[in-house]
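Trainee: I am new to this structure. Please take me through one part of it closely.

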Amino acid sequence: MKVIVHADLDAIGSAIADSIQQLLSEKPNANLGVATGSSPLAVYRELARRHRDSGLSFAQAQAFMLDEYVGLAEDHPERYFNVIDRDFASHLDFAEGTIHGPNGLAEDVELEAREYDESITVAGGVDLQILGVGSNGHIAFNEPGSELDSRTGTIALTDQTRSDNARFFDDDVSAVPKLALTQGLGTIMEARKLVLIALGEGKADAVHALIEGQVTPEWPVSILQKHPDVTVYLDTSAAGKLTDPALYLAN
Ligand code: GLP
């Protein structure tokens, strides 16, 4: 695992945009794995800038989302499909129908989960997956206690995650759905390259578990230790509980 600490958020956005640009130059029809949340926003901003200013193109690429709330109305602004469109896809030149995510409004969500998981494999797998991490160590919506080789399925969100995410629902925890669809940990681990971003001191415990802890279902993010190609980008606050954060300082 490669760990890089940057004081400057734009530097993180730029470093990850470089990896994506490199991938697209080698494989224009790459499959990108995209995450919601605030952590990847600097990456998405930088990709939009490169598309606008220097023609970086996603016209042959596809994107696969990590997760989705179950039951949010189609036009709800926090439905992840809408979030990814707003923060990411609408600023780029993806072809119609190439942004994929599990449908939280499917009649049979378990079937939807299985079909979504399969569709990723059929498409050739994810080439580069962008990840954030929850304060409790969840990735996508794989909450503590999740099986480390799980496949895409439904999950009951913890009180911690619902209260962390209440900020997107006018600080009203009761408005945050209780159930979500999420790519499983085993599914995420099949992506060829993983890039995780963690920002702020609220992520410091999860980052400690990821980099210095044991691999355990109690900290789902720790499974990334077993992946052969992971780069973790941190700001100085998220790195605050590492034994020697200076080891990882960029430059
Ligand atoms: C949500 C998402 C995760 C994301 C996490 C962290 O729970 N399901 O995919 O990584 O939030 O979000 P943020 O980056 O806003 O801290």
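In what order do the three strands of the open sheet stand, and is the pairing parallel or antiparallel?

Mentor: Keep in mind that this is a predicted model. The order is β4-β8-β7. The sheet is open, and its three strands pair in the antiparallel sense.

Start at the edges. β4 covers 67-69 and β7 covers 153-156. Each has a single partner strand, so one side of each has no neighbour in the sheet. Direction ignored, neighbouring strands here are turned by 30° against each other on average.

Now look at one pair. Strand β8 runs over residues 179-182. β7 and β8 are joined by four bridges, in the antiparallel sense. For a landmark, find I155: A180 in β8 stands opposite.

Then turn to the helices, for context. Two packed helices are described by the angle between their axes and the distance between the axes. Helix α1 spans residues 9-26, and helix α2 spans residues 41-54. They pack at an angle of about 60°, with axes 8 Å apart. That angle makes α1 oblique to α2. The crossing of α1 past α2 is right-handed.

Which residues touch? From α1 come L9, D10, G13, S14, I16, A17, D18, I20 and Q21. From α2 come A42, V43, R45, E46, L47 and R50. Sorted by class, the contact of α1 with α2 holds seven nonpolar, three polar and five charged residues.

To recap the sheet: β8 stands between β4 and β7 in the order, and β4 and β7 are the edges.

Methods: Residues numbered from 1 in each chain as written. Predicted model: local features only at pLDDT ≥ 70, side-chain atom pairs only at ≥ 80, totals over all residues. Heavy atoms only, no water. Axes fitted to C-alpha atoms, helices over the stretch in contact; angles between N-to-C directions. Helix = DSSP H or I, 4+ residues; strand = E, 2+ residues; numbered from the N terminus. Parallel < 35°, antiparallel > 145°, perpendicular 65-115°, else oblique. Left-handed = near helix turned anticlockwise from the far one by under 90°. Contact = heavy atoms within 4.5 Å. Nonpolar A, V, L, I, M, F, W, Y, C, P; charged D, E, K, R; others polar. Pairing = 2+ DSSP bridges.
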